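Trainee: I have a structure open and would like to learn how to read it. Could you walk me through some of the features?

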Amino acid sequence: MDVVEKFLQNPDSLSQEEFVRLISLWQNSDVCEKLRKEAVLIRKKHYGNKIFLRGLIEFTNYCKNNCYYCGIRAGNKRAVRYRLSMEEILECCEQGHRLGFQTYVLQGGEDPWYTQERVVEIVSAIKRKYPECAVTLSIGEKEYEEYRSYRNAGADRYLLRHETADEEHYRILHPEQMCLSNRMECLYNLKKLGFQTGAGFMTGAPGQTMETLAKDLMFLSKLQPDMVGVGPFIPHHDTCFSQEPQGSAELTLFLLSVIRILLPKCLLPSTTALNTIDPEGREKGILAGANVLMPNLSPKRNRKHYELYDNKNYDGEEAAEGIMRLSEKMSRIGYQIVMEKGDAVGYNN
């Protein structure tokens, strides 16, 4: 039995070496199409033709970390910094509520100004005003008790990309003060606390190999996250990786299909980064097995300053104002955007 058939029959059974062989086929058009069709069948089995919308609120671009690939890293002295107040965050939620959003994603750098108490206050205020909505946090590595306080305040989901499951690769991407084992522990703590938990990685990141990608897939299989964020690496001009080539849209699409087959019930975004390097990337991501889009609810004046990578799209269909156009584009490829809360199938908490 070849590796593709083995993967389709029993995705969890592949060894690291077999995952390497599978990923190495990403430029084989017949294999890509076979996996894509299977991914679409699986996604339709669990989610039909629904595409869930999440309202993204990028509420701070301050960050204490110095990840080498990131445009808002602490060491970037040219970044134009901003923070949203509680009132501004609630205004973003109100805009989303008027548009019909039932999920808000609060994303930011690891900003010490937003203490545990401030985050709890923000989450509690959103849940009081919109009790039927889901609140997702994406604010980095915290202690177990801090995560617990967010959960008790009403936070439903937490996104924390693991970035890489390989220690040597992690060291290429991060300064020595940061620790892969701590990031992994955070993900398991989030699951233990009952969060719908999201992991993920960049495709084409500097130093990435077929072997590191195989480790990423094996880690996802072990973790069993409810959400997986995968998008291409895009360099930022104020980082040490500014001259590195960007990741491949084709490899990203291939891995979206692989992850859908590996984690049939996961929530899988078609990312802004994918749409940045391919004008039809959003639609291609959905056609590869993704089922989530995240229009931007952040104030227009701040969007261009949340610059994780160069040339990021922050207007058009990427923004909440473009929902009608987004709906039309999804309809043309056979899908329907929905505003419902959209929990992962099988999530029971």
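Predicted model: local features only at pLDDT ≥ 70, side-chain atom pairs only at ≥ 80, totals over all residues.

Trainee: Let's begin with helices. At what angle do α2 and α10 pack?

Mentor: Two packed helices are described by the angle between their axes and the distance between the axes. Here, helix α2 (residues 16-23) and helix α10 (residues 249-262) pack at about 135 degrees, and their axes lie 11 Å apart. The two helices are therefore oblique to each other.

Trainee: Which residues meet in that contact?

Mentor: From α2 come Phe19, Leu22 and Ile23, and they meet Leu251, Phe254, Leu255, Val258 and Leu262 of α10.

Trainee: Which residues of α2 are buried, and what covers them?

Mentor: The buried ones are Glu18, Phe19, Val20, Leu22 and Ile23. Their cover includes α1 (3-9), α3 (29-47), α9 and α10.

Trainee: Now strands, please. How should I think about their pairing?

Mentor: Strands of a sheet pair through backbone hydrogen bonds, either parallel or antiparallel. Take strand β6 (residues 196-203): it runs parallel to strand β5 (residues 157-159), and three bridges join the two. One place to look is Leu159, whose bridge partner in β6 is Gly198. With strand β7 (residues 227-232), β6 pairs in the parallel sense over six bridges. There you will find Phe201 standing opposite Val230 in β7. Between β6 and β7 the chain passes through helix α9 (residues 210-223), and this β-α-β crossover is right-handed.

Trainee: Why is β6 described as largely enclosed by the rest of the structure?

Mentor: Because eight of the eight residues of β6 are buried.

Trainee: What is the strand order in the open sheet that contains β1?

Mentor: The three strands run in the order β8-β1-β9, with parallel pairing. The edge strands are β8 (292-293) and β9 (336-338), and each of them pairs on one side only. Strand β1 (residues 50-53) is joined to β9 by three bridges. Ile51 stands opposite Ile337 in β9.

Trainee: Next, backbone angles. What should I look out for?

Mentor: Most residues other than glycine have a negative phi, and most peptide bonds are trans. Glu163 has a positive phi, near 70 degrees. Gln224 also has a positive phi, in its case near 55 degrees.

Trainee: Where are they, and are they buried or exposed?

Mentor: Glu163 sits in the loop between β5 and α7 (167-173). It counts as buried because its relative accessible area is 8%, and the cut-off is under 20%. Gln224 lies in the loop between α9 and β7. With a relative accessible area of 38%, Gln224 is partly exposed.

Trainee: How far apart are Tyr69 and Asp238 in sequence and in space?

Mentor: They are 169 residues apart in sequence, while their C-alpha atoms are 9.1 Å apart in space.

Technical notes
Residues numbered from 1 in each chain as written. Heavy atoms only, no water. Axes fitted to C-alpha atoms, helices over the stretch in contact; angles between N-to-C directions. Helix = DSSP H or I, 4+ residues; strand = E, 2+ residues; numbered from the N terminus. Parallel < 35°, antiparallel > 145°, perpendicular 65-115°, else oblique. Contact = heavy atoms within 4.5 Å. Buried < 20%, exposed > 50% of the residue type's maximum accessible area, 1.4 Å probe, protein only. Pairing = 2+ DSSP bridges. Right-handed = clockwise from strand over helix to strand, strands pointing away.
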